[in-house]
Amino acid sequence: MEFGVLGPLQVRVDGETTAPSAPKLRNVLAMLIVHAGQVVPVPSLVRDLWDDDPPVSGPTTLQTYILNLRKMFCAVTGLSTVEVARDILVTRTGGYLLTAEAGVLDVHCYQRLVASGREALTRGDEAAGVRDLNEALLLWRGPALVDVPAGRVLESRRRQLEESRLSAFECLVDVELRLGMYREVLSELAALTVENPLHEGLHGQYMWALHLSGRRAQALQIFHRLRGALVAGLGLEPGPQVQRLHQAVLNADTDFEPRFAVSRFPAAAPATAFSGGRPY
């Protein structure tokens, strides 16, 4: 089986795609997938399904959802209920576990490629870094878990994934700009700066790509758009890096060497431990 959360929730077997239609059942399945290989505690599942107001029958209803998911796995794999309960969706003390061996997870493939790309950049192999980061971002089919109703736990994980995606994109664009690929990144940056009006890193990259493309006036417009949004929304001026970049554009300086993301590029978002793309 192949499990997908980098976009709409997806389960694929032999090229056929399936997923439960009931919203709460999708929530339980998504919780198990994003924490594959970990025991997801019953209280975490109940809280994600019903927030702070679970019904008295919540734990019993959750057992029904688990039973329905096991039936789905039986149908798509041809395994018996006993085999599914033993090898795929397992009951553990205090919770449930989707085994790491149950199938291939797109998020795990993404994390491996991001880590590989980061390591390549660290050792100075920019070509390999660009290749791996590109492949990682191409695994995304849309916003993470876009069609799953998310409670607090799942929403936290979804935001982790989206932040990791944005950081990977920033890192990739940083390298592409240094390699002279500034025209290739313009359309993606145009869309992302609209979607993230307070994100200084993306706006800085967009300004610099426009400047290197001979579009200084537009680069300055992007600076003023960012500044206006920051002042109006947060009462803040753009940070020093964007200010220096703005000055470089004003001076028609193409020798300025901004470094937007590589030095602070984080690892891919790890799975949440329980205790108690490209973007376009």
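A salt bridge here is a side-chain nitrogen of Lys or Arg within 4 Å of a carboxyl oxygen of Asp or Glu. The model is a predicted one, and by this rule the count comes to 13 salt bridges.

Arginine 131 and aspartate 132 form one of these pairs, with N and O 3.2 Å apart. Aspartate 132 is buried at 7% relative accessibility, because the cut-off for buried is under 20%. Arginine 131, with a relative accessible area of 47%, is partly exposed.

A second pair consists of arginine 152 and aspartate 52, whose side chains meet at 2.3 Å, N to O. Arginine 152 has a relative accessible area of 47%, so it counts as partly exposed.

Another salt bridge joins glutamate 237 to arginine 227, and their closest N and O atoms are 2.7 Å apart. Arginine 227 is in helix H10 (216-234) and glutamate 237 is in the loop between that helix and helix H11 (240-250), so the pair ties together parts that are ten residues apart in sequence. Glutamate 237 is partly exposed at 42% relative accessibility. Arginine 227 is also partly exposed, its relative accessible area being 34%. Elsewhere, salt bridges with shared partners connect Asp51, Asp52 and Arg152 in one network.

Four strands make up an open sheet in the order S3-S2-S1-S7, and their pairing is mixed. The edges are taken by strand S3 (16-18) and strand S7 (104-105); each has a single partner strand, so one side of each lacks a neighbour in the sheet. Strands of a sheet pair through backbone hydrogen bonds, in either the parallel or the antiparallel sense. For strand S1 (residues 2-4) and S7 the sense is parallel, and two bridges connect them. Within that pairing, glutamate 2 has valine 104 of S7 as its bridge partner.

Note on methods:
Residues are numbered from 1 along each chain as its sequence is written. This is a predicted model: local features need pLDDT of at least 70, side-chain atom pairs count only at pLDDT 80 or more; totals for chains, interfaces and linings use all residues. Side-chain values use heavy atoms; hydrogens and water are left out. Two strands pair if DSSP finds at least two bridges between them. Buried means under 20% relative accessible area, exposed over 50%, partly exposed in between (1.4 Å probe, protein chains only).
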